[in-house]
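Trainee: I am new to this structure and would like to go through it step by step.
Mentor: Then ask, and we will take the topics in turn.

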Amino acid sequence: GPDEGLIREYAITAARTVTDDLNDAFRVVQLSGADLKTDPARLPDEAAAISMFGGRRVLRLTNIADAQTGLLAGFLDAPVGDALIVIEAGELGKTSKLRKLFEAASNAVIIACYSDNTVDLTAMIKLAVRGEGFTIRPDAITYLSSNFSDNRMINRQELEKLFLYMGPGRGGEISLADVQAIADDQGTQDLDEICNAVGSGDAGMLDRALARAYAGNLAAVAIIRAVANYMLRLQQLAAQTAQGASVDTAIRMRRPPVHFSQADGLRAQTRRWGLART
């Protein structure tokens with residue numbers, strides 16, 4: 001699949017079912033697709049090898065693609081040894097020979113690693129927070145999921161940074177202010193400008209903001225989530241005004257609260273879009 005971070009996370013999780021120490025050179029061996037191309041015999045040799053100090057071994061294959069299909073097909077037909085073989089491949093289309101091989105094999109398992117959607121991100125955040133002994137406010141979850149990338153490992157690193165900020169083992173509630181305190185200021189600024197440009201219908205501003213965002217490696221999925229959430233906010237504000245509330249009252253009632261720097265823009269955009277257009 002396309003999520004390299006999730007691929008790596010699943011690979012590590014699988015490998016740790018055999019050994020917790022993935023740096024153990026006697027029990028864990030890592031080979032790349034280039035290694036197998038240079039020396040195809042290493043696959044069966046390493047799979048059949050016995051650890052010097054006992055215990056089952058793990059063979060991790062990285063950067064594997066269709067070019068290795070023939071070698072892996074031969075191994076699956078006549079496997080040797082008892083090593084757990086964990087293979088990391090990239091995004092394999094429906095016509096991929098490697099994908100078809102593993103989907104049909106009775107002695108192999110294939111796991112799709114697609115980018116997390118909002119529901120997946122929310123579940124991941126809640127589980128990680130609970131595992132560290134914290135609780136988290138709903139507005140903080142919304143902020144995190146809106147600003148996360150399409151790479152699971154990078155998102156995990158952001159959560160680890162948040163936990164370090166909070167203080168490991170201290171427990172307590174994580175607020176929106178806590179999340180914002182550890183956020184990437186430039187990335188957040190870029191997202192705010194993109195959302196404002198979309199809401200204002202300013203194509204020139206949008207082009208410039210997108211150019212800066214891509215130059216800073218801001219993930220496209222983070223931009224899409226941020227804009228979708230922003231437009232949902234506009235829709236909710238428009239719905240409140242359609243029911244008789246003033247724009248100012250609707251903005252003051254927003255949770256999480258609207259930052260003063262965004263209030264003027266939201267006020268104008270709520271009137272511009274209205275309920276029917278949002």
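Trainee: How many bridges join strand 2 to strand 3?
Mentor: This is a predicted model, in which local features need pLDDT of at least 70 and side-chain atom pairs count only at pLDDT 80 or more, while totals for chains, interfaces and linings use all residues. Residues are numbered from 1 along each chain as its sequence is written, and side-chain values use heavy atoms, with hydrogens and water left out. Strands (E, at least two residues) and helices (H or I, at least four) are DSSP runs numbered from the N terminus, and two strands pair if DSSP finds at least two bridges between them. Strand 3 covers residues 84–89 and runs parallel to strand 2, and the number of bridges joining them is five.

Trainee: Which residue in strand 3 is the bridge partner of Arg60?
Mentor: Arg60 lies in strand 2. Its bridge partner in strand 3 is Val86.

Trainee: What is the bridge partner of Leu31 in strand 2?
Mentor: Strand 1 (residues 28–32) runs parallel to strand 2, and five bridges join the two. In strand 2, the partner of Leu31 is Leu61.

Trainee: Which helix belongs to the β-α-β unit with strand 2 and strand 3?
Mentor: The unit is right-handed: with the strands pointing away from the viewer, the path from the first strand over the helix to the second runs clockwise. The helix in this unit, residues 69–77, is helix 4.

Trainee: Why is strand 2 described as largely enclosed by the rest of the structure?
Mentor: A residue is buried under 20% relative accessible area, exposed over 50% and partly exposed in between (1.4 Å probe, protein chains only). Strand 2 is largely enclosed because, of its seven residues, the number buried is six.

Trainee: Is Asn63 buried or exposed?
Mentor: Asn63 is in strand 2, residues 58–64. Its phi is near 55 degrees, a positive value in a residue other than glycine. With a relative accessibility of 65%, Asn63 counts as exposed.

Trainee: How many salt bridges does a search of the whole structure find?
Mentor: Side chains of opposite charge can pair when their charged atoms come close. A salt bridge here is a side-chain nitrogen of Lys or Arg within 4 Å of a carboxyl oxygen of Asp or Glu. Over the whole structure, the search gives twelve.

Trainee: How many residues apart are Arg152 and Glu9?
Mentor: The side chains of Arg152 and Glu9 meet in a salt bridge at 2.9 Å, N to O. Arg152 is in helix 8 (residues 152–166) and Glu9 in helix 1 (residues 4–15), so distant parts of the chain are linked, and the residues are apart by 143.

Trainee: Are Glu88 and Arg60 buried or exposed?
Mentor: Their side chains form a salt bridge of 2.9 Å, N to O. This pair links strand 3, which holds Glu88, to strand 2, which holds Arg60, 28 residues apart. Both Glu88 and Arg60 are buried.

Trainee: Where does Arg57 lie, given its salt bridge with Glu46?
Mentor: The two side chains meet at 3.3 Å, N to O. Glu46 is in helix 3 (42–48), and the pair ties together parts eleven residues apart in sequence, since Arg57 lies in the loop between helix 3 and strand 2.

Trainee: How many disulfides does the count come to?
Mentor: A disulfide is taken as a pair of cysteine sulfur atoms within 2.5 Å. Cys113 is buried at 5% relative accessible area, and Cys195 is buried at 6%. By the distance rule, the count of disulfides is zero.
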